[in-house]
Amino acid sequence: MRRHVKLALATILLVMFCQRLLGFAGATAQSKSEKKPIVVIVAADSKLRDISHALLRRIFLGEPTEYQGVRWVPFNYGPDEALRVSFDELALRFSKEASGRYWVDRRIRGEGLPPRAIANQNLLRAVVARLPGAIGYVTSDQLNATVRALTVDGVAYDRANYQLR
């Protein structure tokens with residue numbers, strides 16, 4: 001377990017270093033991203049195929065959760081990113097303001113920090129592909145063979161009744 005925590009911390013630090021080194025900043029979500037389904041992703045070699053909406057909420061609300069002995073490490077985008085705002089509304093049932101209040105309250109109470117923010121979908125996808133227990137989300141056009149798209153409550157992202165649309 002300690003090895004996973006050390007690996008997670010090293011990966012997070014590497015991501016932060018790369019973001020600064022490469023100058024990733026500013027808005028990265030495209031205006032069309034709100035029209036595309038938001039796809040929850042894990043590494044391609046993950047055995048997980050489906051996630052419940054309730055578990056997804058728990059993970060991204062900072063509650064301790066594990067899968068097969070590995071703690072989930074959620075990755076998000078900055079609070080002003082359009083894709084993040086859409087995800088918060090659809091998956092967490094939070095407005096942008098409510099999300100901010102939630103995390104301020106958790107910090108004040110000493111109950112944890114929000115998911116680590118990553119600058120863009122390409123970088124988030126790369127981190128999720130390499131870090132055990134990492135989970136994030138991208139628009140459907142950003143999927144590739146390095147990650148696996150999860151169904152949410154048994155519904156795939158290309159179905160009309162998908163919750164994150």
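Phe87 is in contact (heavy atoms within 4.5 Å) with Ile38, Leu56, Phe60, Leu92, Tyr137 and Leu164, leaving aside residues up to four places away in sequence. The model is predicted: local features need pLDDT of at least 70 and side-chain atom pairs count only at pLDDT 80 or more, whereas totals for chains, interfaces and linings use all residues. Residues are numbered from 1 along each chain as its sequence is written, and side-chain values use heavy atoms, with hydrogens and water left out.

The protein chain contains 5 helices and 9 strands; these are DSSP runs numbered from the N terminus, helices being H or I of at least four residues and strands E of at least two. From the N terminus on, the order of elements is α-β-β-α-β-β-β-α-α-β-α-β-β-β.

Five strands make up an open sheet with mixed pairing, in the order β6-β5-β7-β1-β8; two strands pair if DSSP finds at least two bridges between them. Strands β6 (116-117) and β8 (147-149) each have a single partner strand and stand at the edges, so one side of each is left without a neighbour in the sheet. Strand β1 (residues 38-43) runs antiparallel to β8 and is joined to it by 3 bridges. Ala43 has Val147 in β8 as its bridge partner. Helix α5 (residues 121-130) packs on the sheet, where it touches β1, β5, β7 and β8, and its direction makes about 150° with that of β7. Helix α3 (residues 82-92) lies across β1, β5 (73-76) and β7 (134-139), at about 110° to β7. For these angles, axes are lines fitted to C-alpha atoms, for helices over the stretch in contact, and values run from 0 to 180 degrees between N-to-C directions.

Of the 165 residues in the protein chain, 43% count as buried, that is, under 20% relative accessible area, with exposed meaning over 50% and partly exposed in between (1.4 Å probe, protein chains only). The largest nonpolar core has 39 residues, and Leu56, Phe87, Ile135 and Leu164 have the most contacts inside it. Such a core is a set of buried Ala, Val, Leu, Ile, Met, Phe, Trp, Tyr and Cys residues joined through side-chain atoms within 4.5 Å. The largest share of this core, 5 residues, is supplied by β1.

Leu90 lies in helix α3 and, at 22% relative accessibility, counts as partly exposed. Although Leu90 and Leu164 are 74 residues apart in sequence, their C-alpha atoms are 5.6 Å apart in space.
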